[in-house]
Amino acid sequence: MDNNAKLRPLYLAKILYERTDEDHYLTTMQLAQILEEEYGIPAHRQTIKTDIELLQQFGMDIQEVKSTQNRYNLISRQFEIAELKLLIDAVQSSKFISKERSEQMVSKIVTLAGQHKAEELKRNASVGRRVKSENRQDLLIVDAINEAINARKKIAFQYFAYNIRKQKKLRHDGERYIFSPYRLIWNGDYYYVLGYSDKHQAIGSFRVDRISARPDILSEEAVPVPADFGVDDFLATTFRMYGSECQEVELICDNSVIDAIIDRFGTDVTIYACDMSTFRVIVRVAVSHIFFSWIFGFGGKVRIKGPEKIKTDYKEMVSRALSSL
């Protein structure tokens, strides 16, 4: 068998994948013409029919409509159009992925739909003026962290912050952070690496888009995950990945905020009746200014009942904010 005969079914699969869908088809003559003109592979009606039967046996969902000119189309794909739209929206709305990288990824995603549906996806792909990361090493950083997690090795990296001139400045004069990565987590529009910090001797997290360059994977073994540490519990109690001491807090909530409470703490949260217009919950949270700002955002519809010290700390934060006006 010559190379053309071996390649012909592969090119037929490519043509059908790229140029047909449930609404668009190609006839036997059109397939033969494309093979000849674009790939230099001669074909006739019977060889195309035989090759397509082979592709059907392979598992491609190719429909054949019999007529004087049989026509063929690929009627199902790995991703549905609605799923591809979701992927595009996720990529474009992600602050972590740079604008340039987002455009590259969207261009690749739309090819999964075939050329006809790709135009539809391109027209619908828009998320407005979304603030995007300027870190163009995003995927390299994630890849290195993943590799270290799988190998159970420590990583070393530099971390940056912006100054008032909007310039990137390395934290702690460029000191390298030594970190045992446990998990990559998407939380509150940002991507974080969760793990154990050698410097602080504690579990913490770093925003991936603030890591200055691809981390070095060290030969040193990572600090094992503590036996009493659960990632899901950590996420359930932490606000915006801001680590602090976890405590039980009792809240009095207006009935109108029930959706927000369930969104934040899940359907497992226990709801206690308080009066006709309010309910009470006891939640375990990492108490910090981030938690207090979440409470404040409800404009008085969520109140801290206890412990007393947390109420006092919250009042002091609000007083400081008022005194600065």
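Q: Which ring has Arg 77 over its face?
A: This is a predicted model, in which local features need pLDDT of at least 70, side-chain atom pairs count only at pLDDT 80 or more, and totals for chains, interfaces and linings use all residues. Residues are numbered from 1 along each chain as its sequence is written, and side-chain values use heavy atoms, without hydrogens and water. A charge sits over a ring if NZ of Lys or CZ of Arg is within 6 Å of the ring centre and within 35 degrees of the ring normal. Arg 77 lies 4.6 Å from the ring centre of Tyr 17.

Q: How are the planes of Phe 291 and Trp 294 classed?
A: Rings of Phe, Tyr and Trp (its six-membered ring) pair if their centres lie within 6.5 Å; planes under 30 degrees apart count as stacked, over 60 as edge-to-face and the rest as tilted. The count comes to 16 aromatic pairs. Here the centres are 6.3 Å apart and the planes are at 25 degrees, so the pair is stacked.

Q: Are Phe 291 and Trp 294 buried or exposed?
A: Buried means under 20% relative accessible area, exposed over 50%, partly exposed in between (1.4 Å probe, protein chains only). Both residues, Phe 291 and Trp 294, are buried.

Q: What is the phi of Asp 173?
A: Most residues other than glycine have a negative phi. Asp 173 is exposed, at 83% relative accessible area. Its phi is positive, near 55 degrees.

Q: Which residues does a cis peptide bond join?
A: Most peptide bonds are trans. This one has an omega of about 0 degrees and joins Gly 306 and Pro 307.
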